[in-house]
Amino acid sequence: MEKRILFIEDNDDHRFLTQDMLEHYGYTVFSSPNGANFLQSIASFRPHVILLDLKLPDKDGFALLEELLHSGWNNVPVIVVSAFTFRREKLRALHLGARRYLNKPINLNTLTQAIDAEIASSKPDLHLVAGSLGD
């Protein structure tokens, strides 16, 4: 099964390195340096998981979480990947619908385990939908 990851990260070095590592492990990654066209990217790429930085140049990750919360895509799991280590930011992100909050620098094993756990937890929903359609 293809595992699609939408990765929003403004730091080019971090974005390219993380994308390369994830692709090496078999994920399909679409990355963006900002939140422009966030919901359109979700609609066209249909990610299984979103990796989201909070500090972005145009809209911060909190604004993107809020957009997602009020959209038809609010069932897509979001893993926040941030340098913000304060409890206040973590609680705010989780309140806005993020499923997990990982602090930078990211351990690749921790990240891939979190991604796979989120994909696995959303699979029953996909089976229910497929089952209800007679598949």
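Predicted model: local features only at pLDDT ≥ 70, side-chain atom pairs only at ≥ 80, totals over all residues.
View 1. β4 and β5 run parallel and are joined by four bridges. At this pairing, V81 has L102 of β5 as its bridge partner.

View 2. Strand β3 (residues 49-52) runs parallel to β4, with three bridges between them. L52 has V80 of β4 as its bridge partner.

**View 3. Strand β4 and its two faces.** β4 spans residues 78-82, and five of its five residues are buried, so the strand is largely enclosed by the rest of the structure. V78, V80 and S82 point one way. I79 and V81 point the other way.

**View 4. The largest nonpolar core.** This core holds 20 residues. F38, I50, L52, L65, V78 and V80 touch the most other members. Two or more residues come from each of β1 (4-8), α2 (38-45), β3, α3 and β4. Helix α3 gives the most, with four residues.

**View 5. Surroundings of F38.** Beyond its neighbours within four places in sequence, F38 is in contact with L6, I8, I50, L64, E67 and L68.

**View 6. The second core.** A separate core has 15 residues, among them L22, L51, I79 and L108.

Note on methods:
Residues numbered from 1 in each chain as written. Heavy atoms only, no water. Buried < 20%, exposed > 50% of the residue type's maximum accessible area, 1.4 Å probe, protein only. Pairing = 2+ DSSP bridges. Core = buried A, V, L, I, M, F, W, Y, C linked by side-chain atoms within 4.5 Å. Contact = heavy atoms within 4.5 Å.
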